[in-house]
Structures are given as structure tokens and as C-alpha cells.
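Good morning, and thank you for the time. I should like to walk through one model, beginning with the backbone and ending with the side chains.

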Amino acid sequence: MLTKQEITRYSRQLLVDAIDEEGQHNLTHAHAVIIGLGGLGSLAARLLAGAGVGTLTLVDGDVVEMSNLARQVPYNEMHLGELKTRALSRELNKVNPEVTLHIKSLFADKNNLPSILANANCVLDCTDEVKQRKQVNAACASKQLPLFIAAASGCTWQAINLSFQRPIKGCYACLVSQIKIRDDCTTKGVLGPVVAMAACHQATQALLFLANKQHADIQWGQYLVYNAVKPALQSFSLAPFPHCEVCQ
């Protein structure tokens with residue numbers, strides 16, 4: 001049963017069919033790992049904390065810089081030079097002190113990911129490098145952890161949800177073997193609201209899963225590309241790469 005305070009705090013989302021009281025109870029007992037606390041991860045974390053996800057693990061080894069502030073919504077000039085994990089955890093405590101926060105002030109890699117992902121129910125990959133995304137993908141595949149990936153560049157954002165449950169619908173390694181994925185947000189640039197759109201989509205998908213688990217209405221293995229200038233949404237089903245060393 002939810003407490004009176006929880007009913008008051010989450011009153012609007014409790015009216016949503018995809019959440020309801022049982023779903024809110026599930027959120028309260030859920031654990032999400034957010035890797036990368038830039039424009040995507042910082043906003044996704046804010047949304048998950050506000051929605052009442054009981055435990056969040058925040059992973060990033062970077063500090064807040066002036067160039068971050070145009071698109072990384074939770075930070076401000078008072079946070080400049082501070083570790084993103086510490087700055088964000090303080091801001092999230094102001095939003096929802098009932099959420100348990102674990103901070104990992106490091107960059108995720110194949111060596112530390114197994115311990116970082118321990119006891120998690122899902123992972124949000126909010127990194128901006130293909131190499132690191134591949135390592136997160138492999139770690140989630142080995143633990144069969146649902147993985148929600150988003151990215152943004154210029155005025156376009158992309159997203160995909162990966163389940164790793166049989167039958168496999170492909171993984172991030174399959175994706176990059178079929179289409180060209182570039183690490184170009186630092187050279188091509190990115191518009192702040194576009195990053196926020198991607199983060200909102202990613203957080204929504206994670207919340208739907210955490211509230212309903214195997215009964216969640218999630219489009220697994222569907223690669224989305226949204227152009228905010230057109231605007232236009234394209235999607236295609238990710239086919240498993242026959243010789244993928246991660247998921248096959």
C-alpha cells in the first residue's frame with residue numbers, strides 16, 4: 001500500500017493506466033542504473049527520481065563545465081568544476097529525498113561494469129561514445145538486463161530499447177554492424193532541446209518497464225530516429241547480426 005504522502009506526491013501519474021497504484025509500488029522498489037550524466041543522463045535521472053524510482057545508481061567520472069549548461073538541465077554555474085555525480089545527487093535529493101542514490105564517480109568500462117550493474121533492474125545508457133556503449137551493451141547482455149539507449153546529434157535524436165530475452169531481437173553490437181554510428185556531438189554540435197527530447201523518451205520507456213516489468217508495452221529492438229527540424233520520425237526493427245559475438 002502507498003502512504004498518504006506517496007499518493008499525494010505521485011497523484012498525477014497514478015491516474016495513468018500504465019502506472020496506477022501497483023505500478024507505483026513497483027517503481028518504489030525498482031533500481032535503475034544511469035551511465036553518463038550529461039544532457040541525457042542528468043535529465044533522465046531527474047525524471048526517474050521525480051517519478052519515484054526507489055534506487056538510482058549514477059555513473060560518471062566527469063565534472064560540470066560551462067559548455068554543459070546549455071543542454072544539461074539540472075546543473076547551473078554553482079556546480080562548475082564539481083563532479084557531476086555529486087552535483088546531480090544533491091539536486092535529486094531536493095526533488096525527492098525518498099529516492100536512494102548510489103554515486104559512482106568513474107567512467108564505466110568492461111572491468112567495473114559487472115559490479116556497477118549488480119542488483120539493477122534496468123540500465124539507461126546515456127554515454128556519447130560508441131566504444132563505451134558497446135561495453136555497456138555487452139555487460140547488459142551477459143546479465144540479461146534491459147537496456148535503454150538514446151543519443152542526440154545536431155537536431156536529430158535516436159533511441160532503441162534492448163531486452164536480451166529470447167528470442168533476441170538484436171543488440172547494440174548488431175546495430176553498429178549494420179549502420180554507421182558516429183561520435184560526432186562534439187564536432188557537429190547538438191541543440192539542447194533535442195537532447196531533452198531524447199532523454200524524455202528514454203526515461204518514459206524505462207518507467208513503463210519498471211512499473212510493469214514483463215507486462216510492459218515496450219517496443220523492443222525498434223530503432224527510432226527523430227528529426228526535430230522536419231519534424232519526422234523513422235523507425236526500423238533491428239535484426240540480429242548472425243555472427244554477433246554478444247547476443248548470438
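Asn119 is exposed, with a relative accessible area of 70%; here exposed means over 50%, buried means under 20% and partly exposed lies in between, with a 1.4 Å probe and protein chains only. Please bear in mind that this is a predicted model, in which local features need pLDDT of at least 70 and side-chain atom pairs count only at pLDDT 80 or more, while totals for chains, interfaces and linings use all residues. Residues are numbered from 1 along each chain as its sequence is written, and side-chain values use heavy atoms, with hydrogens and water left out.

Asn119 sits in the loop between helix H6 (113–116) and strand S4 (122–125). Helices (H or I, at least four residues) and strands (E, at least two) are DSSP runs, numbered from the N terminus. The phi of Asn119 is positive, near 70°, and the residue is not a glycine. Most residues other than glycine have a negative phi, and most peptide bonds are trans.

Phe164 also carries a positive phi, about 65°, although it is not a glycine. Is Phe164 buried or exposed? Phe164 is buried, at a relative accessible area of 4%, and it belongs to the loop between strand S6 (156–162) and helix H8 (172–178). A cis peptide bond, with omega about -10°, joins Lys230 and Pro231. Pro231 is in the loop between S7 and strand S8 (232–237).

I turn now to helix H4. Its 13 residues, 39–51, should span 18 Å, and the end C-alpha atoms are 19 Å apart, which agrees; the expected span is 1.5 Å times one less than the number of residues. Ten of the 13 residues of H4 are buried, among them Leu40, Leu43 and Leu48. Just after H4, Gly52 takes a positive phi of about 95°.

Next, the nonpolar cores. Such a core is a set of buried Ala, Val, Leu, Ile, Met, Phe, Trp, Tyr and Cys residues joined through side-chain atoms within 4.5 Å. The largest has 43 residues, and Ile34, Leu48, Val53, Leu56 and Leu124 have the most contacts inside it. Among the elements giving two or more residues to this core are strand S1 (31–35), H4 and strand S2 (55–59). Which element gives the most to this core? That is H10, with ten residues. Ile34 touches, among others, Ala44, Leu48, Leu58 and Leu124, residues up to four places away in sequence not being counted; contact means heavy atoms within 4.5 Å. A second, separate core of 29 residues includes Leu145, Leu162, Tyr172 and Cys174.

Finally, the aromatic rings. The structure holds five aromatic pairs. Rings of Phe, Tyr and Trp (its six-membered ring) pair if their centres lie within 6.5 Å; planes under 30 degrees apart count as stacked, over 60 as edge-to-face and the rest as tilted. Phe148 and Trp220 form a tilted pair, 5.7 Å centre to centre with 40° between the planes. Phe148 lies in strand S5 (147–153) and Trp220 in the loop between helix H10 (192–212) and strand S7 (222–227), so the pair ties together parts 72 residues apart in sequence. Phe148 is buried at 0% relative accessible area, whereas Trp220 is partly exposed at 21%. The rings of Phe209 and Trp220 have centres 6.0 Å apart and planes at 80°, so this pair is edge-to-face. Phe209, in helix H10, is eleven residues from Trp220, and Phe209 is buried at 9%.
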